[in-house]
Amino acid sequence: MALDVTVPVPHTGGNMSEETLTRIMTAAITAARAPSPEEAATQEETKKRLAHRRMTMLRLVETEQKSILRRQALCSHRKPDGEVAMGGQPMANGRMYKICLRCQKVLVDEPTQEMTLAVNELQRQANEGKMTISRDGKVTVADVEMQVR
Ligand SMILES: [Zn+2]
């Protein structure tokens, strides 16, 4: 690649000062690193193509999210036979996480008062060492052993 480097060099009678040498070297390195007009055009085109692709992906994600929200808003969360289509999982904090098996909407039920009391009681027993959980999933509460799925 031919370099087009133009640096004014003062006439010093053949002795190039360190400052001038540094200027020439810096200009040469900068020119060597700079892309050619063709490379610059290719880089610019690549940048535009990537930006366009990113925008397209974002629009697709946005469209998909809107579609999911619309489907969830219109869903009765019931199966065609009228049965509730929600599956649930109680969490250790007493909350119930339910998910619609048709539209995947997640609903969180706050714990009932009975559930809160039960969770607090289990936590109290665990804190007092009365409840243990073995590696194979056996829970022992106040010397009573239970198998947990
Ligand atoms: Zn649903």
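This is a guided tour of one predicted protein model, stop by stop.

**Before you start**

Residue numbers begin at 1 in each chain and follow the sequence as written. Because the model is predicted, local features need pLDDT of at least 70 and side-chain atom pairs count only at pLDDT 80 or more, while totals for chains, interfaces and linings use all residues.

**Stop 1: the whole chain**

Select the protein chain and colour by pLDDT, the predictor's confidence in each residue, from 0 to 100. The average is 84, and 85% of the residues score at least 70. Among the elements, strand E6 (residues 144-147) has the lowest mean pLDDT, 66. H2 has the highest, 95. Where pLDDT is low, the predicted coordinates should not be read in detail.

Now switch to cartoon. The chain has 3 helices and 6 strands. Helices here are DSSP runs of H or I with at least four residues, strands are runs of E with at least two, and both are numbered from the N terminus. Along the sequence the pattern reads α-α-β-β-β-α-β-β-β.

How much of the chain counts as buried? Of its 149 residues, 1% do. A residue is buried if 20 or more other C-beta atoms lie within 10 Å of its own, exposed if 12 or fewer, and partly exposed in between, with C-beta atoms placed from the backbone.

Contacts give another view. Two residues are in contact if their C-beta atoms, placed from the backbone, lie within 7 Å. Of the contacts with a separation of 6 or more, 22% come from residues 24 or more positions apart.

**Stop 2**

Select residues 18-33. This is H1, with 16 residues. From first C-alpha to last it reaches 22 Å, close to the 22 Å expected at 1.5 Å a residue. The expected span is 1.5 Å times one less than the number of residues. H1 is hardly covered: its count of buried residues is 0.

Next, select residues 37-74. This is H2, with 38 residues. H2 reaches 55 Å from first C-alpha to last, close to the expected 56 Å. H2 is also hardly covered, with 0 buried residues among its 38.

**Stop 3: histidine 77**

Move on to the loop between H2 and strand E1 (86-90), where histidine 77 is found. Its phi is near 55°, a positive value in a residue other than glycine. Is histidine 77 buried or partly exposed? Histidine 77 is partly exposed because it has 16 other C-beta atoms within 10 Å.

**Stop 4: the three-stranded sheet**

Show E1, E2 and E3 together. They form an open sheet of 3 strands in the order E1-E2-E3, with antiparallel pairing. E1 and E3 are the edge strands, each pairing on one side only. Neighbouring strands are turned by 25° against each other on average, direction ignored. For such angles, axes are lines fitted to C-alpha atoms, for helices over the stretch in contact, and angles run from 0 to 180 degrees between N-to-C directions. Two strands pair if DSSP finds at least two bridges between them. Strands of a sheet pair through backbone hydrogen bonds, either parallel or antiparallel.

**Stop 5: the E1-E2 hairpin**

Zoom in on E1 and E2. They run antiparallel, joined by 5 bridges. Glycine 88 stands opposite lysine 98 in E2. The hairpin has 5 residues between the strands, and glycine 94 takes a positive phi near 90°.

Pick methionine 91 in the loop between E1 and E2. With 11 other C-beta atoms within 10 Å, methionine 91 is exposed. Draw a C-alpha to C-alpha distance from methionine 91 to valine 119: they are 9.8 Å apart in space and 28 residues apart in sequence.

**Stop 6**

Tyrosine 97 stands opposite valine 108 in E3. Methionine 96 stands opposite aspartate 109 in E3.

This hairpin has 5 residues between E2 and E3. Glutamine 104 is exposed because it has 11 other C-beta atoms within 10 Å.
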